[in-house]
Amino acid sequence: MTRPAFGGNLMATIICKEHRPQMSTVRQGVMLKGQPDASRKGTVEEVKIAFDSSKFKVKILKTVKEPKNLVDITEAKILISGGRGVGTAENFKKLEELAHVLGAEISSSRAMVDAGIMPHERQVGQTGKTVRPDVYFALGISGAIQHLAGMEESDYIIAVNKDKFAPIFQSADLSIVGDVNEIVPLLTEKLQQHK
Ligand SMILES: Cc1cc2nc3c(=O)[nH]c(=O)nc-3n(C[C@H](O)[C@H](O)[C@H](O)COP(=O)(O)OP(=O)(O)OC[C@H]3O[C@@H](n4cnc5c(N)ncnc54)[C@H](O)[C@@H]3O)c2cc1C
């Protein structure tokens, strides 16, 4: 099993050779979805347990449902993800124009969520969502381990960074060294012409 350790700065591989049973939890999106097999049948068994509520140390006072998210970046085939290199909400509009041409969704690194520019539901990474789209654009994203944990299984990764030594390039299939805020409008224009 792989799990974050030391405040998420390391990914530790845990091997439990001896102790049984073992239990681990898996975040949504980490595994590929299996194909439904109609030949398999199962039954749901309801087990009634007589709890003694006087022994409960925690009481549920109120249940508040979070409003259903309008976007689900885990379902997107193409994700355009912006990081601190994109910088401002104004610059994110350029990413939206590119997303519009490609039929993609916008996501981001935690840096942009912490800056209040993007909502948490669009954050990719260890404390955000795990995604594996067909194409993942990492724009102005350095490639911190916590970000990679959420996107490195993407089929094809295109990274744009002005620093040719940025770690994201080690995970990218296509690396472009340059200013993201210049490259994105050019890419949008070219794709529009192509359409
Ligand atoms: C416990 C823990 C959990 C975390 N969880 C997450 C998580 O879920 N998701 C996540 O993303 N992070 C997470 N982080 C934070 C993570 O460590 C990084 O700080 C974060 O991913 C950095 O975001 P960034 O790449 O956008 O910014 P930076 O690391 O600052 O990188 C910005 C990049 O943009 C480039 N750049 C700057 N200007 C331009 C330009 N004009 N054109 C092109 N490139 C440019 C720079 O060269 C740099 O590589 C977590 C951290 C911890 C400790």
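An open sheet of five parallel-paired strands, in the order 4-3-5-6-7, is part of this predicted model. Strands pair if DSSP finds at least two bridges between them. Strands (E, at least two residues) and helices (H or I, at least four) are DSSP runs, numbered from the N terminus. Residues are numbered from 1 along each chain as its sequence is written. In this predicted model, local features need pLDDT of at least 70, side-chain atom pairs count only at pLDDT 80 or more, and totals for chains, interfaces and linings use all residues; side-chain values use heavy atoms, with hydrogens and water left out.

- Strand 4 (105–108) and strand 7 (174–177) are the edge strands, and each pairs on one side only.
- Neighbouring strands are turned by 20° against each other on average, direction ignored. Axes are lines fitted to C-alpha atoms, for helices over the stretch in contact, and angles run from 0 to 180 degrees between N-to-C directions.
- Strand 6 (residues 156–161) runs parallel to strand 7, and four bridges join them.
- Asn161 stands opposite Val177 of strand 7.

**Helices on the sheet**

- Helix 1 (residues 89–102) packs on the sheet and touches strand 3 (78–82), strand 4 and strand 5 (135–139). Contact means heavy atoms within 4.5 Å.
- The direction of helix 1 makes about 170° with that of strand 3.
- Helix 4 (residues 180–194) lies across strand 5, strand 6 and strand 7. Helix 4 runs at about 140° to strand 5.

**The N-terminal hairpin and a cis bond**

- Strand 1 and strand 2 (residues 10–13) pair in the antiparallel sense over four bridges.
- The two strands form a hairpin with four residues between them.
- In strand 2, Thr13 is the bridge partner of Thr2, and Met11 is that of Pro4.
- Phe6, in the turn, has a positive phi of about 50°.
- The peptide bond from Arg20 to Pro21 is cis, with omega near 0°. Pro21 is found in the loop between strand 2 and strand 3.
- Most residues other than glycine have a negative phi, and most peptide bonds are trans.

**Largest pocket**

- The largest pocket has a volume of about 750 Å³. A pocket is an open set of points, on a 1 Å grid over the protein atoms alone, where a 1.4 Å probe fits, with protein on both sides within 12 Å along at least five of seven lines. Lining residues have an atom within 4 Å of a point.
- Grid points are joined across faces, edges and corners, and a volume is the space filled by probe spheres set on the points.
- Of its 23 lining residues, Thr2, Arg3, Pro4, Arg27 and Val30 are the closest to the centre.
- Strand 1 (2–5) and helix 3 (145–151) are the elements that give two or more residues to this lining.
- The lining divides into eleven nonpolar, seven polar and five charged residues. Ala, Val, Leu, Ile, Met, Phe, Trp, Tyr, Cys and Pro count as nonpolar, Asp, Glu, Lys and Arg as charged, and the others, Gly among them, as polar.

**Second largest pocket**

- The second largest pocket has a volume of about 490 Å³.
- It is lined by 29 residues, and Arg84, Ser109, Ala111, Ile141 and Ser142 lie nearest its centre.
- Helix 2 (110–114), helix 3 and helix 4 each supply at least two lining residues. The largest share, three residues, comes from helix 2.
- This lining has six nonpolar, 17 polar and six charged residues.

**The whole chain**

- The chain has four helices and seven strands. From the N terminus on, they run β-β-β-α-β-α-β-α-β-β-α.
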